[in-house]
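Trainee: I would like to go through the contacts in this model and ask what each label rests on.

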Amino acid sequence: MALRALANGKTLGRLYHQQIRGLQTFSLPDLAYDYGALEPAISGEIMQLHHQKHHQTYITNYNKALEQLDDAIAKGDASTAVKLQSAIKFNGGGHVNHSIFWKNLAPTREGGGEPPHGSLGWAIDQHYGSMEKLIAKMNAEGAAVQGSGWVWLAVDKELKRLVVETTANQDPLVTKGASLVPLVGIDVWEHAYYLQYKNVRPDYLNNIWKVINWKYASEVYAKECP
Amino acid sequence: MASVTTIVSQLTSSAFLPATEFCRLSQSLLHWSQMQGPGIDLKPPPYALDALEPHMSKDTLEYHWGKHHRGYVNNLKKQIEGTELDGMSLENIILASYNKGDVLPAFNNAAQVWNHDFFWESMKPGGGGKPSGELLELINRDFGSFESLIKEFTIAATTQFGSGWAWLVYNDKKLEVVKSPNAINPLVLGYHPLLTIDVWEHAYYLDFKNLRADYISTFLDKLVSWDAVSSRLEAAKVLE
């Protein structure tokens, strides 16, 4: 009886249900640096919009979609559950990708742009010949992405090999291979560069390497390839 | 060929031709010039680059038309030079390179050239308002009301994830709203496009930043040329 009274208020009912199922919602991660700290490579204006508006919107919509999915699953509503998959991929993918992206960047005075030493540096030289050649390849593939997407340096954790890959829209890297672990991702959606670089995506790509956080990439690599 | 280009560019700079006349004339000229198999050119919008202010800035037009659209034209010309696509009309290049969905390299540039031509002509200074005549009748018939069309078109434009376009089309004697990703357009589905809005971020980022919804409502309230949509509907009915 008391339970029904609780469940009558839709929100209360859902909260109760979510408590039982442990539905976790997501919130915007903080950046480890100020919005303006990546200048002149990426403007403070872009960083603020990108973080506070674009990433936040993905999170808000992801949480909404998860709530709706939770409801649909509880009710055994398979067609709604399936219909929600694209919203989950878009928005969940957006959250996953941007969370990685903020860690991929660092101000130059905190090591941004400094090439990796150690095992990742060696693997890059082995596989691509040099850092310059890797950068040229990623810039070419990033520039060639039609519409919106990402270009990635990844490690295949099964094959222990470095891979350069692109994804469309907010598809997470694993959609290109279940064993791919992202090391460096570069957002080539127009919102990532337009206010500063306008249509000249290649200029954005050339400049972003000055603030790429190879320390983080090296840590991830070392974990997969000890 | 040269005389066709001159007539079109004279018309676009003329202040004297009423919008509906211009649209009808440019449609038939386009049709004629396609029969002649013209080269690919960057057509200017049918208004000055600052004419859509304050709803779409001169800055946006300068980049969107002057860089993006121009880039698609120049890249397409380079791509088709010396190939079998060279000398074909733009619409035929699109259909040939669409290749039933297994797109060939020229498709992206060709479709984007066409899409942007169509987009500029979908707007006019002092646009917005309501459609009338037969167009309004069909809207009421197929959507229930003008407000309902606006709602559906807005939803399509808002929910086209990533880059793409939203369209009003005429298909099987009915009006429909569709959306498409990246460069895809309804020509490849055999539909007759009547109206489009570009929802690639470059179309609105300078003026609206992330606020795509505000851009869409401004487009519908202040920019859309229902005259152009009516002319296109007239042309499409002849073909169906």
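This is a predicted model: local features need pLDDT of at least 70, side-chain atom pairs count only at pLDDT 80 or more; totals for chains, interfaces and linings use all residues.

Trainee: How much area do domain 1 and domain 2 of chain B bury between them?

Mentor: About 2100 Å², with 67% of it on carbon and sulfur atoms. B:Thr60, B:Phe118 and B:Phe119 supply 29% of the area that domain 1 buries against domain 2, more than any other three residues.

Trainee: How many salt bridges does the rule find across that interface of domain 1 and domain 2 of chain B?

Mentor: The rule finds 0 salt bridges there.

Trainee: What does the interface of chain A and chain B look like in terms of buried area?

Mentor: The area buried between chain A and chain B is about 1700 Å², and carbon and sulfur atoms give 61% of that. In contact are 18 residues of chain A and 15 residues of chain B. Helix 3 (44-75) and helix 8 (194-197) of chain A are the elements that give two or more residues to the chain A side. The largest share, 5 residues, comes from helix 3 of chain A. That side has 6 nonpolar, 8 polar and 4 charged residues.

Trainee: What makes A:Asp171 and A:Lys89 a salt bridge?

Mentor: The closest N and O atoms of A:Asp171 and A:Lys89 are 3.7 Å apart, and the cut-off is within 4 Å, so the pair qualifies. A:Asp171 sits in the loop between strand 2 (161-168) and strand 3 (180-187) of chain A and A:Lys89 in helix 5 (residues 85-104) of chain A, 82 residues apart.

Trainee: Why is A:Asp171 called buried, and what is A:Lys89 called?

Mentor: A:Asp171 has 16% relative accessibility, and buried means under 20%, so the label holds. A:Lys89, at 39%, counts as partly exposed.

Trainee: How do you know that B:Lys77 and B:Asp41 meet in a salt bridge?

Mentor: Their N to O distance is 3.8 Å, and the rule asks for within 4 Å, so the pair counts. B:Lys77 lies in helix 3 of chain B and B:Asp41 in the loop between helix 2 and helix 3 of chain B, so the pair ties together parts that are 36 residues apart in sequence. B:Lys77 is partly exposed at 37% relative accessibility, as is B:Asp41 at 42%.

Trainee: What is the N to O distance for B:Arg141 and B:Asp142?

Mentor: The closest N and O atoms are 2.8 Å apart, and the two form a salt bridge. B:Asp142 counts as partly exposed at 23% relative accessibility. Over all chains the count comes to 9 salt bridges.

Notes:
Residues are numbered from 1 along each chain as its sequence is written. Chains are lettered from A and ligands numbered from 1 in the order in which they are written. Side-chain values use heavy atoms; hydrogens and water are left out. Buried area is the accessible area (1.4 Å probe) that two parts lose on being put together, summed over both. A salt bridge is a side-chain nitrogen of Lys or Arg within 4 Å of a carboxyl oxygen of Asp or Glu. Contact means heavy atoms within 4.5 Å. Helices (H or I, at least four residues) and strands (E, at least two) are DSSP runs, numbered from the N terminus. Ala, Val, Leu, Ile, Met, Phe, Trp, Tyr, Cys and Pro count as nonpolar, Asp, Glu, Lys and Arg as charged, and the others, Gly among them, as polar. Buried means under 20% relative accessible area, exposed over 50%, partly exposed in between (1.4 Å probe, protein chains only).
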